[in-house]
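Please open the model in your viewer and keep the sequence beside it, as this tour moves from one selection to the next.

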Amino acid sequence: NAGVTQTPKFRVLKTGQSMTLLCAQDMNHEYMYWYRQDPGMGLRLIHYSVGEGTTAKGEVPDGYNVSRLKKQNFLLGLESAAPSQTSVYFCASSYVQVTDTQYFGPGTRLTVL
Amino acid sequence: EDQVTQSPEALRLQEGESSSLNCSYTVSGLRGLFWYRQDPGKGPEFLFTLYSAGEEKEKERLKATLTKKESFLHITAPKPEDSATYLCAVARGAQKLVFGQGTRLTINP
C-alpha cells in the first residue's frame, strides 16, 4: 500500500515550457486535490476532483489545468510555465467528504527559471 | 472571509519544556478542524480531527483541543523528534480545507 505518490520529485523548467505532474493513490479514494505551498503562504488549493471525470477550481487555479480520467490518478498541467509558479506542489486524497482525512503525497519541487 | 491564523510562527523549546500552539479561525459553519505535522521536504502527515467545541484528542505527547474560535495543540515534555512544522486547517463548505501558515517548532536537546 503506497498511499499517495507523486511524479516527479523535482523539476526545473524554463519560462514558457509545459509539463504535467502525476499523482496516484491506491486507497480507492473518491476525492483528490492539488495544492501549492509557498513560504509564508501556507497550503493553497489549486484544483480538486470529487470523482472520476470531474474537476473543479480551487483558490488559485489560474495557469493550471487538471484531468481525472481514472479514479486513482489526478494530473496537474502547466501549459506555459511562469516564474510565479515556482513552488512545492502537493497532491492529496480523501474518501468522500471534506471532513474525511486528507492524505498527502511527498510533494514535487518545481523551479521555473 | 474564512481565515485561519496560527501563532506563533516559530517556537523554540528545550527538551521537556511543555507549551501550546494556537490556531484561531473565522469560518462559517465549521465542519471540522484538522492538525497535521510536516517534516522538512515531506508532505503533511495527519494528526487529529476535531469536530465540535469541547472536543479533545490525544496522541503520545500531543493533545488537541477545540473551542468555538480556536484550537490548541498542547505538547507535553517534548523530545527533539517532535521538531516539525505543525499545520492547522478547517473544513469549509463541501469539499475544501483552508490551511493556516503553520508553526515551526524546534525542540533542543
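Contact here means heavy atoms within 4.5 Å. The model is a predicted one, in which local features need pLDDT of at least 70 and side-chain atom pairs count only at pLDDT 80 or more, whereas totals for chains, interfaces and linings use all residues. Residues are numbered from 1 along each chain as its sequence is written, chains are lettered from A in the order in which they are written, and side-chain values use heavy atoms, with hydrogens and water left out.

Select Ser87(A), which is found in strand E9 of chain A (strands, E, are DSSP runs of at least two residues, numbered from the N terminus). Leaving aside neighbours within four places in sequence, Ser87(A) is in contact with Arg36(A), Gln37(A), Asp38(A), Thr108(A), Arg109(A) and Leu110(A). Its side chain is joined to that of Asp38(A) by a polar contact of 2.8 Å (a pair of N or O atoms within 3.5 Å; within protein, one must be able to donate a hydrogen and the other to accept it, and residues adjacent in sequence count only if both atoms are side-chain atoms). With 6% relative accessibility, Ser87(A) counts as buried (under 20% relative accessible area, with exposed over 50% and partly exposed in between, for a 1.4 Å probe and protein chains only).

Next, turn to the rings: how many aromatic pairs does a search of the whole structure find over all chains? The search finds 10, where rings of Phe, Tyr and Trp (its six-membered ring) pair if their centres lie within 6.5 Å, and planes under 30 degrees apart count as stacked, over 60 as edge-to-face and the rest as tilted. Select Tyr64(A) and Tyr89(A), an edge-to-face pair at 5.8 Å centre to centre with 65° between the planes. Tyr64(A) lies in the loop between strands E6 (56–57) and E7 (65–67) of chain A and Tyr89(A) in strand E9 (residues 87–94), so the pair ties together parts that are 25 residues apart in sequence. Both Tyr64(A) and Tyr89(A) are buried.

Move to chain B and select Tyr36(B) and Phe46(B), which form an edge-to-face pair, 5.9 Å centre to centre and 75° between the planes. Tyr36(B) is buried, with a relative accessible area of 0%, while Phe46(B) is partly exposed at 25%. Ring pairs link both of them into a cluster whose members include Tyr35(A), Phe104(A) and Phe99(B).

Finally, display the interface, where the contact takes 22 residues from chain A and 21 residues from chain B.

Notes
Helix = DSSP H or I, 4+ residues; strand = E, 2+ residues; numbered from the N terminus.
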